[in-house]
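Here is a short report on one protein model. Keep the sequence and the 3D view side by side as you read.

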Amino acid sequence: MSPPIAIPETFARAVAGLRSTTPRTEITLEEVGAPRRLAPYAFALSASVLRDEEEVATGRLILLHDPAGHEAWQGTFRLVTYVTADLEVDLAADPLLPSVGWTWLTDALEAQEAGHRAIGGTITQTMSTRFGDLAGPPAAGDIEIRASWTPLSDDLRPHLLAWYALLASTAGLPPPGVTALP
């Protein structure tokens, strides 16, 4: 479905909220093309997280808006995220990792008082070992967090701050103001 020419004021306010903050220095943010078939209006951000100048996590946050509302969303807005990060093998093998990953998201939303409903998602943990002609680096692991939720207002700044916290947690960054020991 192609978007109408006029942008609703509520969508413009929501996008302004997503453009309103600068992430911590380890997170590089850019606006990217949003999927056009999911809702009449969409906006997307992409992030890379660096630790010691190496990319350790990436993410995408997509804002969907349907002025007519959507029954499954329980509202007119929907935030969708995908976050992935490399992990040490022992951490990637931890059976509690999915629960911990989900808590990173829900705790971040709660800490920022980002009111929401209809939250759902999946956490995937994978481990890879290379053999034969593909042999090379040692075993590797990663986590993927896919989630969506409906914000309770069009002020999305708290949701963006929560997403930054999710990215930082997934990447294993220390809390702001804390310096990791070498």
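The sections below cover the model, the sheet, the hairpins, the helices and the cores.

## About the model

This is a predicted model: local features need pLDDT of at least 70, side-chain atom pairs count only at pLDDT 80 or more, and totals for chains, interfaces and linings use all residues. Residues are numbered from 1 along each chain as its sequence is written, and side-chain values use heavy atoms, with hydrogens and water left out.

Helices (H or I, at least four residues) and strands (E, at least two) are DSSP runs, numbered from the N terminus.

## The sheet

Strands of a sheet pair through backbone hydrogen bonds, either parallel or antiparallel. Two strands count as paired if DSSP finds at least two bridges between them.

Here, six strands make an open sheet. Their order is E1-E2-E3-E4-E6-E5, and the pairing is antiparallel. Strand E1 (27-32) and strand E5 (116-128) stand at the edges. Each has a single partner strand, so one side of each lacks a neighbour in the sheet. From one strand to the next, the twist averages 15°.

E2 and E3 pair over 11 bridges, in the antiparallel sense. Ala42 stands opposite Leu64 in E3, and Arg51 has Glu54 in E3 as its bridge partner. The two strands form a hairpin with two residues between them. In the turn, Asp52 has a positive phi of about 55°.

E3 and E4 are also antiparallel, with 10 bridges. His70 stands opposite Gly75 in E4. This hairpin has four residues between its strands. Gln74, in the turn, has a positive phi of about 60°.

Contact means heavy atoms within 4.5 Å. Helix H4 packs on the sheet and touches E1, E2, E3, E4, E5 and E6.

## The nonpolar cores

A nonpolar core is a set of buried Ala, Val, Leu, Ile, Met, Phe, Trp, Tyr and Cys residues joined through side-chain atoms within 4.5 Å. Buried means under 20% relative accessible area, exposed over 50%, and partly exposed in between (1.4 Å probe, protein chains only).

Which residues touch the most other members of the largest core? They are Leu18, Val49, Leu63 and Trp163, out of 40 residues. Among the elements that each supply at least two residues are helix H1 (9-18), strand E3 (54-70) and helix H4 (157-171). H4 gives the most, with eight residues.

Not counting residues up to four places away in sequence, Val49 touches several residues, including Ile27, Val56 and Leu167.

Notes: Axes are lines fitted to C-alpha atoms, for helices over the stretch in contact, and angles run from 0 to 180 degrees between N-to-C directions.
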